[in-house]
Amino acid sequence: LQPARPAGKYRVGRVDLPLLGPNRTAAWVEGSPREVMVSLWYPARAAPGERARYIPPEVAKQLVLPLMRSIAVDPRRVDLASISTHAISGASPDRRHGPYPLIIYSPGGNLPRAMGTTLVESLVSHGYVVATLDHTYEAPAVVFPDGRVALSALPKGEGVLERIVSTRPADALFVLDVLISAKGGEARTARGQIMRTVDRSRIGMFGHSAGGFTAFESARRDARIDAVANLDGSLAYAMSKGVFGSVVNQGLERPFLLFGAGVSGRARLPHTHENAPDWRTLWTNSNGWKRDIHLAAGEHLSFADHQVLFPQLMKNAGAPSILVTAALGSIDPDRSIAAQRTYLRAFFDLHLKGRATTLFDLPSPEYPEVTLVP
């Protein structure tokens, strides 16, 4: 098993970095400093090396156990920890064609940063540096280089979602601060070497589900983020009561992309700004470049690595195919991944690289699965 192979001209490198915020305290564990794990993915020089592991065993266990038990499948038949990415660990950055824009990725709620690998590797292969981050104590498990494992510590009860959406943008902007701050003493570190290839004036962010909410709230708070994409993420704390995130009520003047899938709400209408109250209000309150596209045959988890890995894992585990359809929709996984990669890259190419495209203005005969929402 592997995430789908990236199709761009650049090789992909990866380094994993712990980042400690000395002036921040942990959101869910009292008395601890806030520490996050980040993977930096970057265009790399062609060289032999070991492929980066997809996910540590400790994280795989915490991710797989509840899912497999819920569908009565033996967790031992699913081995996420054996999967490799297409990235070479610690490869030398490719400085010949930079500088590259920087993109921050935030995963879905209670998911590890690895679950965006299929989209992230594609962006990097086309000339981006991407930082993916775990939200410590919300992610199922975060493994630090010294062997410490931070398990999820989310409390139950009211107000948790508001705290999550408050903590996540703070994590993302802390990572952004650390990465783009110029420190001469770091020139020889892996982080310093990679960041020397980055154009720090061109920054984007995207995320899936709660990560999409995180991306939009981060862009609202910080003008350094030039373009932002939300992959099927609700922007509401309580949809039925009309309690939305700040970005919804204030609007967003930066270019943004809404990329929904399947249906939502009690009426089971397509998840677009025409039907979802939070997206509709954001749309009305925002005056900049904005587009809404829809993957009708997809589902919410289509935008995470579930789309490429889940069908293979379920087949190997002997689980019924109806479970795959319920989670990912009826769309062919290869078509879903190709469309997501193409439209996401076209969005960032347009707004971070100035490359014109008609994908957001006219239906594409190459991707009939994607609908442009007026």
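Which residues line the largest cavity? In this predicted model, the lining consists of Met115, Gly116, Thr118, Leu119, Ser302, Phe303, Ala304, Asp305, Gln307, Ile337 and Gln340. Two elements each give two or more residues to this lining: helix 2 (117-125) and helix 10 (333-352). By class, the lining has 5 nonpolar, 5 polar and 1 charged residues.

The structure holds 2 cavities of 30 Å³ or more. The second largest cavity has a volume of about 30 Å³. Arg11, Val12, Ala44, Arg45, Ala46, Ala47, Ile88 and Ala91 form its lining. Of the residues around the second largest cavity, 6 are nonpolar and 2 are charged. The largest cavity, in contrast, has 5 polar residues in its lining.

Helix 9 was examined for burial. This helix spans residues 321-328. Val324, Ala327 and Leu328 are buried there. Viewed down the axis of helix 9, the buried residues fall within an arc of 75°, so they line one face of the helix. Ile322 and Ala326 are exposed. Both sit on the face of helix 9 turned away from its buried side. Glycine 329 follows helix 9. The phi of glycine 329 is positive, near 85°.

Methods
Residues numbered from 1 in each chain as written. Predicted model: local features only at pLDDT ≥ 70, side-chain atom pairs only at ≥ 80, totals over all residues. Heavy atoms only, no water. Buried < 20%, exposed > 50% of the residue type's maximum accessible area, 1.4 Å probe, protein only. Helix = DSSP H or I, 4+ residues; strand = E, 2+ residues; numbered from the N terminus. Arc of directions from axis to C-beta. 1 Å grid on protein atoms, 1.4 Å probe; cavity = no way out; pocket = protein on both sides within 12 Å on 5 of 7 lines; lining within 4 Å. Points joined across faces, edges and corners; volume = space filled by probe spheres on them. Nonpolar A, V, L, I, M, F, W, Y, C, P; charged D, E, K, R; others polar.
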